[in-house]
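Me: I would like to go through this model by question and answer. Here it is.

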Amino acid sequence: MKKVLVILLLAVVGFYISETFFDIGFGNTHFVQNDQIKPVKDTYLQQTVQTLKVSNTVTSIVVNFRGFDTLGEVTVLFLSVTALGSILYKRRHHVGERSVLFSASSIVTSGSKLLFPAIVLLGTYVFIHGHLSPGGGFQGGVIIATGFLLMLLAYENYSVSHTNLAVIESLAGITFAGVGLLGFMNGGTFLQNFLPGGVLNDLFSGGVIPIIYIAVGFKVAAELTGVIYTVLNEKGEYNG
Amino acid sequence: MDSTYFQYLDYAIYGSSVLIILIGLYGALVKKSLLKVVIGLSIMEAGVNLLFVALGYLKGGTAPIFSPKGIEMADQGTKMVDPVPQALVLTAIVIGFGVTAVALSLVIRLWRHHHTLSIDQIKNLKW
Amino acid sequence: MIAFILIVLLLVLMLAAAVYAIVQKDLLYAVIATGIISLVLSILFYMLQAPDVALTEAAIGVALTTIIFVITIRNTVRMEDESDRDKNIKSTTK
């Protein structure tokens with residue numbers, strides 16, 4: 001009975017939602033054809049290549065034009081990692097017992113020793129060149145966290161110290177907020193670009209954007225490594 | 001991606017992304033095991049992100065990156081795809097992962113206390 | 001023409017994986033189906049000309065979400081209804 005009611009309700013909701021989207025159409029331009037109203041994306045695309053001289057438009061929107069939303073996202077990620085660490089709290093004398101109780105086979109152990117520097121190098125490359133090619137802080141940080149996950153799964157007594165991770169994360173967050181506060185220097189607003197933009201497609205172009213994205217990359221990498229380390233150190237009870 | 005069948009792509013992409021949202025919502029409403037509810041939430045987020053990025057597509061458009069070839073193509077009249085929904089979806093994916101992580105930590109904590117994951121048998125509200 | 005057929009095939013694969021993830025009773029298989037949904041979604045994002053979003057979805061949806069689900073399943077139950085006791089035993093004993 002409950003399933004029939006739920007299916008009916010979902011069918012009604014789905015019909016009205018999909019009818020709205022079929023009316024909008026796929027691949028058309030959606031704005032009013034008027035000479036005075038200019039859509040937002042034209043302004044962003046024009047200002048990215050002329051004023052900021054940055055190649056990747058999505059990076060300039062995420063860091064420069066809507067930089068305050070990125071600050072909010074970094075805060076939400078920090079809050080969720082803190083909540084996870086405090087919900088899975090356990091007493092101090094259980095530290096050191098892991099969910100994975102054995103090392104992997106010899107192919108995995110020797111291969112992961114070779115792969116780990118390559119993965120960290122790839123992640124660092126992705127978040128340093130965020131304004132020139134697809135990539136950026138979030139993508140590079142997640143790639144580095146995946147490298148640490150490989151090492152944690154292959155060796156049974158590999159450990160990352162929580163103190164170092166906390167220090168790196170806090171310093172990166174302070175850098176982000178500090179660069180935002182430095183935007184007040186030339187009489188501007190919070191998170192305004194105060195360094196000069198350089199030549200297009202150069203590494204040191206785009207003003208303040210590479211600095212913010214490098215800080216975000218370090219912060220996301222440290223946070224996600226901490227999440228995986230916390231969840232892996234759960235010693236659950238055996239069932240059955 | 002332009003061909004004679006372009007008009008049917010409209011129904012295909014929007015219809016299937018709304019269907020994925022509904023399948024995830026069904027799993028979150030009906031299923032009895034708590035892990036299935038979290039899986040349903042994760043499927044729903046995937047559907048919503050697909051719907052959002054598909055709204056910003058322009059026919060015959062290219063990626064919004066100004067490489068030297070991109071500037072040359074833009075001068076010849078090729079349009080660029082809308083970059084604003086892509087920036088919003090970037091944030092949404094990361095926050096979706098944070099929500100899934102906190103939900104799974106709550107599941108582990110509930111299992112430690114009640115030793116069951118079925119919502120019929122977890123009756124008291126305090127742990 | 002070929003691009004249209006490819007997109008329709010990928011969408012059908014995504015729908016099939018979504019239905020499988022909800023219906024299947026063994027939770028480990030359902031989690032792998034969720035990983036397949038994220039992978040196909042990453043390919044679709046690339047075909048919709050969004051490379052940044054494709055990178056992010058491939059890294060977060062496939063790698064990190066699957067590993068967190070698998071560790072949670074290892075610390076709790078494996079089958080959906082827990083009266084199925086003969087398959088519920090943890091696989092590693094030491």
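Reply: A residue counts as buried if 20 or more other C-beta atoms lie within 10 Å of its own. The model is a predicted one.

Me: What share of the residues in chain B is buried?
Reply: Chain B has 127 residues. By the cut-off of 20 or more C-beta atoms within 10 Å, the buried share of chain B is 46%.

Me: Which order do the elements of chain B follow from the N terminus on?
Reply: Chain B has four helices and zero strands. Read from the N terminus, its elements run α-α-α-α.

Me: Is α7(A) roughly parallel or roughly antiparallel to α8(A)?
Reply: In chain A, the axes of helix α7 (residues 162–182) and helix α8 (residues 209–232) come within 8 Å and cross at roughly 150°. Angles over 145 degrees count as roughly antiparallel, so α7(A) is to α8(A) roughly antiparallel.

Me: How many nonpolar residues does the contact of α7(A) with α8(A) have?
Reply: Residues of α7(A), including A:Leu165, A:Ile168 and A:Phe176, meet residues of α8(A), among them A:Ile212, A:Val216 and A:Phe218. By class, the contact of α7(A) with α8(A) has three charged and five polar residues, and the nonpolar ones number eleven.

Conventions. Residues numbered from 1 in each chain as written. Chains lettered and ligands numbered in written order. Predicted model: local features only at pLDDT ≥ 70, side-chain atom pairs only at ≥ 80, totals over all residues. Axes fitted to C-alpha atoms, helices over the stretch in contact; angles between N-to-C directions. Helix = DSSP H or I, 4+ residues; strand = E, 2+ residues; numbered from the N terminus. Parallel < 35°, antiparallel > 145°, perpendicular 65-115°, else oblique. Contact = placed C-beta atoms within 7 Å. Nonpolar A, V, L, I, M, F, W, Y, C, P; charged D, E, K, R; others polar. Buried ≥ 20, exposed ≤ 12 C-beta atoms within 10 Å, placed from the backbone.
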